[in-house]
Amino acid sequence: MLTSDGSYLDNIISLFMLPITMKNYFSLLIISITCISCNTTVKKENRSISLGDTITTSSGLKYIFLKEGSGRPILMNSKVDIYTELYLNESDSLIWTTAEDKDSIFSFIHGKTSLIKGFKELHNYLVEGDEVIALIPDSLAYGKKGGNGIPPKTTLVYNPLIVKRVSLP
């Protein structure tokens, strides 16, 4: 039986012990939706960003905020549109740019599109409107062997990387 003096967990457990009625079914449904929705939005809230500071993750990925966005967070299965220019190490030679792509945008589905590890990791930390410089070490890019025209042991520099749009998953 549900009581107002019991703990929240006791009330949830007691729901499972009651016969299934429409009221109990809707209570379980609401609790389930609440738990699921809480789990998908936690990762991007309350960001403490200082423009110009270098952030280094435990994997070795580094990024510097040029502008903090305030749009949608990038969640699994979100369609993400970015503008970027790619350089190797700290070279002045432009290797690739989205300026040559249709609408000057590179689009991908976060968590679905096949991308290098560092690029996937980076987008776990960004929201719509963010502008960063990203340094992706070879261990998170093309490694000791290289690939796709990138020489072995090369750090990739995306300067700038601008998150233009993020669609709901």
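Trainee: Which residues does Tyr 158 touch, leaving out those up to four places away in sequence?

Mentor: In this predicted model, Tyr 158 touches Thr 84, Glu 85, Leu 86, Ile 116, Phe 119, Val 132, Ile 133, Ala 134 and Ile 136. These count as contacts because heavy atoms lie within 4.5 Å.

Trainee: What makes Tyr 158 stand out in the largest nonpolar core?

Mentor: That core has 26 residues, and Tyr 158 is among those that touch the most other members, along with Phe 119, Leu 126, Ile 136, Leu 156, Leu 161 and Val 163. Strand 7 gives the most to this core, with five residues. There is also a second, separate core of five residues, including Tyr 87 and Val 157.

Trainee: Why is the pair Arg 165 and Asp 81 called a salt bridge?

Mentor: The cut-off from nitrogen to carboxyl oxygen is 4 Å. The Arg 165 and Asp 81 side chains meet at 2.9 Å, N to O, so the pair qualifies. A search of the whole structure finds one salt bridge. Arg 165 lies in strand 7 and Asp 81 in strand 3, so the pair ties together parts that are 84 residues apart in sequence.

Trainee: How do you know whether Asp 81 is buried or exposed?

Mentor: Buried means under 20% relative accessible area. Asp 81 has 5%, so Asp 81 counts as buried. Arg 165, at 45%, falls between 20% and 50%, so Arg 165 is partly exposed.

Trainee: Which classes of residue line the largest pocket?

Mentor: The lining has 11 nonpolar, two polar and no charged residues. Tyr 158 turns up here too, as one of the residues closest to the pocket's centre.

How values were computed. Residues are numbered from 1 along each chain as its sequence is written. This is a predicted model: local features need pLDDT of at least 70, side-chain atom pairs count only at pLDDT 80 or more; totals for chains, interfaces and linings use all residues. Side-chain values use heavy atoms; hydrogens and water are left out. On a 1 Å grid over the protein atoms alone, a cavity is a set of points where a 1.4 Å probe fits but cannot get out, and a pocket is an open set with protein on both sides within 12 Å along at least five of seven lines; lining residues have an atom within 4 Å of a point. Ala, Val, Leu, Ile, Met, Phe, Trp, Tyr, Cys and Pro count as nonpolar, Asp, Glu, Lys and Arg as charged, and the others, Gly among them, as polar. Helices (H or I, at least four residues) and strands (E, at least two) are DSSP runs, numbered from the N terminus. Buried means under 20% relative accessible area, exposed over 50%, partly exposed in between (1.4 Å probe, protein chains only). A nonpolar core is a set of buried Ala, Val, Leu, Ile, Met, Phe, Trp, Tyr and Cys residues joined through side-chain atoms within 4.5 Å.
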